[in-house]
Amino acid sequence: MGNELEEAVVVAEEEEERDDVVVGAVDYRGGCAVRSKSGSWRSAWFIIGVEVAERIAYYGIQGNMISYLTGPLHQSTAAAAENVNVWSGTASLLPLAGAFLADSRLGRYRTIVLASLVYILGLGLLTLSALLPSLSNSECQVDNELKSCSPRWQIILFFISLYLIAIGQGGHKPCVQAFGADQFDEQHPKEHKDRSTFFNWWYFTMCAGCLATISILNYIQDNLSWVLGFGIPCAVMIVALIVFLLGTMTYRFTIQQRDKRPFRRIGRVFVAAIRNRGTTHSTTAIKAERDGMLPHQSSEQFEFLNKALLELKDEDSIEEESCSPSEVEEAKAVLRLVPIWSTTLIYAVVFAQVPTFFTKQGVTLERTLLPGFDIPPASLQTLTTAAIVLFSPIYDRLFVPAARAITGKPSGITMLQRIGTGIFLSVITVVFAALVETKRLKTAQESGVVDEPNATVPMSIWWLIPQYMFFGISEVFTMVGLQEFFYDQVPNELRSMGLALYLSIFGVGSFISGFLISVIEKVTGKDGEDSWFANNLNKAHLNYFYWLLAALSVMGLALFTCFAKSYIYNNKGIRRQ
């Protein structure tokens, strides 16, 4: 009896020890990752802190860039908006390269460290470009217009530093969030639930940190010194790198397969399907489905990829190994993302207006809060952040439990339903922005300041609050939903790339916004007429542009809904949605 009891205790201890080991992950020494000593929230808070610091640095530059370009650099409103859109677009597309490097070569940890160093270099050079004395004394009169007279090399230094920041962000952004989510084991019930909560609190904490600092940075840039306003983000980024390195001993590192890299596996499926395009594949697909390797629903979607399951003989009659059903499923999972990615682009176009035309609207309005203190127009962007900070806990603590009680789903609503809700709210945002801009133009006309571009329109800046707040709430739905969706629905080894795909939506959206602005500027400004984006906003028609975006958003939402209804979730771990 005593021996049996001892054996039972030993078995229980072995089971507990096995449960404490995280499968598929190692610690910083390369040994087995122990659940009680690594990962989960103890690691996640280090990584969340790093992301807060990085976002403060990024938005500290991006949020007020249009004011810097139209101020010290004397660019036109349209040219400055285009430059901001191109830079933002580039910064959002470069994560594709950073994610590829991380997922195929360096790993997320090393990519984050390398990207942080490039980021700090870019911020340091940006501060140096503002420090050069001639940059702050560069106004001159050319053909009755103010032009930038800064030496060419100073302007070149400014843009080189900007794009170094974009490169650093390209490696940093997709890897940090993926690395943070990697700290939660999706096979463990509690940690899997915590991972879903992680995405909500990731965005909340990031926005709360930005809310507390961006307004201060904008005030410093507008009223004190651009050098100090650019130097603070540089210092913050240095602190972020130190914090990240301090957490190294608590991190879990995902084990990557070395035999077949994920990009090669997925590419091999498409190549095999193309090479087998003339062959019959029904027997193989039915067999795989019968054996439970290829789900019935999935086998009927993108059927042409099922041909990759067939064995193929090359010209020398040497039989090549066919792709496995799991590899075909990976390829289908990636292909299913394309319609969702495409139909959310219009949301990104609306997103691009917040730091550009929303800010320029605020410049023209009455901004006095106290005698001698004017609200920096770029600081209104903190209202979007404030909406996120206020609504995120409501969503996580009230909306999700209420929706869960109705739908029975762990997250209340599906990821695609969450994204679609945010797109709908963005439609309301641009409709309200169009109505407010129409009132602003009418007020300018009634007060006789139409021909005075620098005159203040007698209308309070607080009229802009609803459009910022509505868009902030939309971000809680769409931005967080997109992050979780693109992380969850890609193969495990491509999760950095999944988050890079999410970021690329906003990169392409910025380019589309820049393209629309360029075309509309040329079409509406021909024959010497004032365009929709005239430098004198009192003669411009931003309201027309907002109505155009509202119409495009409605069409985009309709297409998104159609694709979302037919989407087949790539279920992993223990969760089913």
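I looked up I520 and found it buried, at 10% relative accessibility; buried means under 20% relative accessible area, exposed over 50%, and partly exposed in between, with a 1.4 Å probe and protein chains only. I520 is found in helix α19, residues 495–524. Helices here are DSSP runs of H or I with at least four residues, strands are runs of E with at least two, and both are numbered from the N terminus.

I note the ground rules: this is a predicted model in which local features need pLDDT of at least 70 and side-chain atom pairs count only at pLDDT 80 or more, while totals for chains, interfaces and linings use all residues. Residues are numbered from 1 along each chain as its sequence is written, and side-chain values use heavy atoms, with hydrogens and water left out.

**Around I520 and W532**

I listed the contacts of I520, where contact means heavy atoms within 4.5 Å. Leaving aside neighbours within four places in sequence, I520 is in contact with G525, W532, F533, F545 and L548. For F533, 13 residues from I520 along the chain, I read a C-alpha separation of 8.4 Å.

I followed the chain to W532, which is placed in the loop between α19 and α20. Not counting residues up to four places away in sequence, W532 touches I520, T524, A540, H541, L542, Y544 and F545. W532 and L542 are 10 residues apart along the chain, and their C-alpha atoms are separated by 5.9 Å.

**α13 against α20**

How do α13 and α20 pack, and at what angle? Helix α13 (residues 325–343) and helix α20 (residues 542–565) pack at about 160°, with axes 9 Å apart. The axes are lines fitted to C-alpha atoms, for helices over the stretch in contact, and angles run from 0 to 180 degrees between N-to-C directions. The two helices, α13 and α20, are therefore roughly antiparallel to each other; the classes are roughly parallel under 35 degrees, roughly antiparallel over 145, roughly perpendicular from 65 to 115, and oblique for the rest.

I recorded a left-handed crossing of α13 past α20. A crossing is left-handed if the near helix is turned anticlockwise from the far one by less than a right angle, and right-handed if clockwise. From α13, P339, I340 and T343 meet G556, L559, F560, F563 and A564 in α20. By class, this contact of α13 with α20 has 6 nonpolar, 2 polar and no charged residues. Ala, Val, Leu, Ile, Met, Phe, Trp, Tyr, Cys and Pro count as nonpolar, Asp, Glu, Lys and Arg as charged, and the others, Gly among them, as polar.

**α18 and its partners**

I took α16 (residues 381–407) with α18 (residues 465–488): the angle is about 45° and the axes are 7 Å apart. That makes α16 oblique to α18. The crossing of α16 past α18 is right-handed. Residues making the contact include L383, I388, F391 and F399 of α16 and Y468, F471, I473 and F477 of α18. I logged 13 nonpolar, 4 polar and 1 charged for the contact of α16 with α18.

I then took α17 with α18, which pack at about 155° with axes 8 Å apart. α17 and α18 are therefore roughly antiparallel to each other. I put down the crossing of α17 past α18 as left-handed. The contact of α17 with α18 divides into 18 nonpolar, 8 polar and 3 charged residues.

**Two more residues**

Is A433 buried or exposed? A433, in helix α17 (residues 415–446), is buried at 0% relative accessibility. Not counting residues up to four places away in sequence, A433 touches F358, Q361, Q467 and Y546. A433 and N543 are 110 residues apart in sequence and 7.3 Å apart in space, C-alpha to C-alpha.

T197 is in helix α8, residues 189–224. With residues up to four places away in sequence not counted, T197 touches W41 and D396. T197 and D396 lie 199 residues apart in sequence and 7.7 Å apart in space, C-alpha to C-alpha.

**Whole chain and cysteines**

I counted 20 helices and 11 strands in the protein chain. Of its 577 residues, 54% are buried. Among contacts with a separation of 6 or more, residues 24 or more positions apart account for 80%.

I checked for disulfides, each a pair of cysteine sulfur atoms within 2.5 Å, and the count is 0. C32 is exposed, with a relative accessible area of 56%, whereas C175 is buried at 0% relative accessibility.
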